[in-house]
Amino acid sequence: MLPIVELAIFALGILLIDLMIPREWKWINAVGAFVGVLFAALCVWQIQSTLPPRGLTGFYNSLLVDRFAIYFWYLFLAGAAVAILNSGHYLDVEDEHHGEYYVLILLSVAGMMCMAAGIDVVLIFIGLELMAISTYVLVGFLRRDRRSNEAALKYMLLGAFSSGILAYGLSLFYGLAGGTNLGQIARAMSGQNPHNPVVVIALLTTMTGLLFKIAAIPFHQWAPDAYEGAPTSVTGFISVSVKAASWAMLLRILLYGLWPLRSVYTPVMVVVAIATMTGANFAALTQSNTKRLLAYSSIAHVGYMLLAFVAMGTSQVGSPGFLDGFKGILIYLLVYTFMNLGAFAVITSLRQRNVIGDELDDMAGLYRRAPVEAALMLLFLISLAGIPPAAGFLGKYYIFLSLIESGHYGLASLGVIYSVFGLYYYLRIANAMLMRAPMETARLPVSLGMRCAVGVTALATIVIGVYPEPFIRGVNWSLGIAQAPHVAAVVK
Amino acid sequence: MVEGRQHSALSRLGYMFLALSEAASWFDAKVIDRTVNGVCSITRAVATLSKWCDKWIIDGLGVNAPATIARLISYPMRSSEWGLMQWYALVMVTALVGTACCLLEVMRWFWLTIAALAIGTIAYMLLTRRVPAKASSKYK
Amino acid sequence: MQSHILSIILFTPLLGALVLLFVPSDNKQAIRWIANIFAFGGFLISLPLVPLFWAQRFEVTPTHFKFLEGTPNNWIPSIGAGYNLGIDGISFLLIMLTTLLGWISILSSWTAIETRMKEYYVWFLVLQTGMLGVFMALDFFLFFVFWEAMLVPMYLLIGIWGGSRKLYAAIKFFLYTLLGSVLMLLGILFLYFHHHTVTGVFTFGIPELYKTAPLIPFNYAIWLFVAFFVGFAIKVPIFPFHTWLPDAHAEAPTAASVILAGVLLKMGTYGFVRFSLPFFPAVVSHPRVQKWMIGLSIVAIIYGALVSLMQKDMKKLVAYSSVSQLGFCTLGIFALNSMGLTGSVLQQVNHGISTGALFLIVGILYERRHTSEISEFGGISNVMPVYATIAMIMFLSSMGLPLLNGFVGEFTILQGAFTANWRWAAWAAPGVVLAAAYLLWLYQRVFFGTVTNPKNEKLHDLTPREVLTFAPLIVMALWIGLYPKPFFQILEQPVNQIVQTLHDNANTSAAGSNAVNPNIVNPNAAAPKASN
């Protein structure tokens, strides 16, 4: 059974159960959601074990479950699982522990799965909107908090705006291609003159929508506000899974559907990548709110991944630059999922009855109040900065390797210098945590779910960093979009 | 013991030798040793200069200045976030339209439009004497 | 057992760190004892390496590395990275220095660190593993992992247990060294990809890269040399990349200063000898490049000595003296002859011993008076005679007095420099004089005369534990000074190998061979084959 369907069933089930259970038993919703995610993972595994090489298609050739999609499905489910673990205690403290929260998480994952597996523009758009609307509500879940409401409103309005632009671009491609399937669009574009004004406008508007979702500059403005205002457990979730889904969508559309236009979009991507890295790294240097700081750091990470995309766009298909760029983006999303979720999990645990916990000063002296969490947070920060042997280094490794292999030495140097900037603001958090005296010395109570979340992500970060071989093999396996012969080159 | 005014040749030699050694001792103390001390003072002065140079030029200009500049640049970068959603949307649209014009090589129209919009906004602000994002005096 | 001795040496400190994690934080005695046992144990375990290596010191192996461990690409076959360890004479000496100084510095922290002791010892032991790994790694990926992993414990040691400006010093150290390391990463990736273009195999193994790296065309090689140079130069540190050092040393706790000066700085020079010289022989032998390197070294020698002359803080004085001493080491390296290289490596070991001792000396006073301002002290030899004697010995060793270790190294370096170009030796020699100047003047101000500050009258002399921290260093100083022949023999083979590589490839120099352009010019030919 399709995991999408299965997740929807669980979501509806939770909605119903939530009506019936009393307040103290709300954690049953969390358990139900977690079980749902596990079942979905089981479904994905079943599909994977019987997957034909050309992938499974469905819904009149609009859904393509190939290895690429399966990789991303696992990623979404992992992100959702950790987010669910993270949320229980936090929502209790915020007094907003409703079942709808878990329903929305499950439905947004369903939407993400459509985005990752969609081969038809309409299905991708449906998935995008399903994910987006669920996340809009999730961001505004703290009904009584003004920041949360404001964040949700801004996110929704800007999101609707960019979705509209995206829909406009996709509709132009429909007009040019005569159909909405990405394969049809690809065939139509290979016959087109890339500098045809209609094509250019279609391409740019589509890219606007895509870049908005991954929060690249200059379409990033929603991200700091949304990340800061949202409930912290939601911030963790949207920073990893929404980003992964948006990248999946971007890769599907740009590598499959619009690949013949790469001579047009690659220069644009270069400018966007440089602007993203520059703006995000500089802006993060003086932030004092940890959630905002991590928002800008997410944008910076997107900048690095865009560099890998540039390497792909300027390399021949099947060349080391192309493959390593592709691998770089996929691996980066994998390690990024775990390390970012871990960092947000630690920040979530700071939320107490009287302390919001998202300022840098709130982290002061964490080594005393929660030594294990402080040590693991240090691990996440080191990983985010890209220092071996933590997992984050693996992502940076592939990205810089692909840049060198495709000959972009200047971009590589720039990227490398910016990652040193990155270390500075991560160290600001570490400084506060480990080197400043605590403001209160009481032990920080950390719930079981949160401890699991932090533990799992920390374990993943260390294991992927020290023994990445199975994960690299997994990425190699999933490299390629079936039905797109030029992208289906797979390294053993 | 030789007394009296009659100095023998030997004693004259002796006095000359004493005078010579006194001259050498004077030379040694006043000239050579002063030179050595002078070299020492010069070395110390150069050393102090090097220490100053190390602190202010190599460390200050080379290391701390870029760091401070980076932090300073951070503030204007953040000032682009006014929290006004309309501004965000405007930035997005401007970027989109600007890139489209750039790729289609119609930059002239783009700059003309921007100029027209800017002039229009300024004129509007001046005519109605209203500045956005400033608290109106009605709400004290 | 013998075939895994390197791994055992490498992971003993890490094992100690893991064991310490399970000891409750309030049991201070247990923490101290366990940490010291593992540190001393680490040193003891490395001792069997001495006779084993000594027996093989002239043996010729295919890769000229001994005690090889691990098969190629056994760690991450998909990338081509392997857990490969191996040593030759140069790394052997540095490994022994590391284990010795590691033990001594942990021993010296016995009473110095009272807060957050468990974390301190854990991070120190992790740092020890990192440093050993850098010297032992025969795979570039592994090398880079250890190189960068070592920065985190050092940053924490400075930032948590440091002096008044510890936060600034710690961040400066971390960011500055990281900048060098990531630029070096780009160089490593280029070498890796170039190797693939030439041989079709993806591997990070250093002996394999030795074969293909000299083939890189000159105009690319010069940039690669610069990338590696920045990484190593910041570590050494070479003028003008040295300004992180005084701050880091002044603010770090004593033991961290000892390790920083004694071992971490050697990684930069080790990098030059192990990587820059054999990988880019044509670039390094180029007269302009060599002149620049020698010029920077001489400036470091003289400038470092001058600046340390006028310092008012003892720790900063010793820090700048490190800059000057390591200037001698880089002078020896870039003289590009066997005398210079041998002297340089030997002087690196000497510097570890003598400057490590100097920081211990300053630390003794700091522990008693919590200040290292020179003006606070005077006439200490009246109050602490044993300490004054030991200090004199180590000061003389650092100065390069014959019969002690410093002289052997410096003399050999100057001889190497003289053979290459007499002017270089002429410019560098005043550095020796200046070294005597700042060291003896420091000794006079602190130790001689009458006790000027009443607070100094009651200082108690060295405890037996403190004498124990100095004893091995004095023994080594005398041994190398009086009978350096074994050390020269150990270094003979690897140094000759490097000089041979330089001579072989210096002829294919600036004209630039027409070797493969690593850019993707012919993409269809570049079908990747990940090696298994």
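**The second largest pocket**

Guide: By class, the lining of the second largest pocket is made up of 11 nonpolar, 14 polar and 14 charged residues. Please keep in mind that the model is a predicted one, and that the volume of this pocket comes to about 930 Å³. The lining counts 39 residues, and those closest to the centre of the pocket are C:Ser164, C:Ala250, C:Glu251, C:Asp313 and C:Ser372. If you then look for the elements that give two or more residues to this lining, you will find α1 of chain B together with α7, α11 (244-251), α15 (314-334) and α16 (338-369) of chain C. The element that gives the most is α1(B), with six residues.

The largest pocket is lined by 47 residues, with A:Ala375, C:Leu21, C:Val122, C:Trp123 and C:Val126 lying nearest its centre. By class, that lining divides into 36 nonpolar, five polar and six charged residues. Among the elements that each supply at least two residues to the lining of the largest pocket are α15 (371-385) and α18 (448-466) of chain A, as well as α1 (5-21) and α5 (117-136) of chain C.

Terms used. Residues are numbered from 1 along each chain as its sequence is written. Chains are lettered from A and ligands numbered from 1 in the order in which they are written. This is a predicted model: local features need pLDDT of at least 70, side-chain atom pairs count only at pLDDT 80 or more; totals for chains, interfaces and linings use all residues. Side-chain values use heavy atoms; hydrogens and water are left out. On a 1 Å grid over the protein atoms alone, a cavity is a set of points where a 1.4 Å probe fits but cannot get out, and a pocket is an open set with protein on both sides within 12 Å along at least five of seven lines; lining residues have an atom within 4 Å of a point. Helices (H or I, at least four residues) and strands (E, at least two) are DSSP runs, numbered from the N terminus. Ala, Val, Leu, Ile, Met, Phe, Trp, Tyr, Cys and Pro count as nonpolar, Asp, Glu, Lys and Arg as charged, and the others, Gly among them, as polar. Grid points are joined across faces, edges and corners, and a volume is the space filled by probe spheres set on the points.
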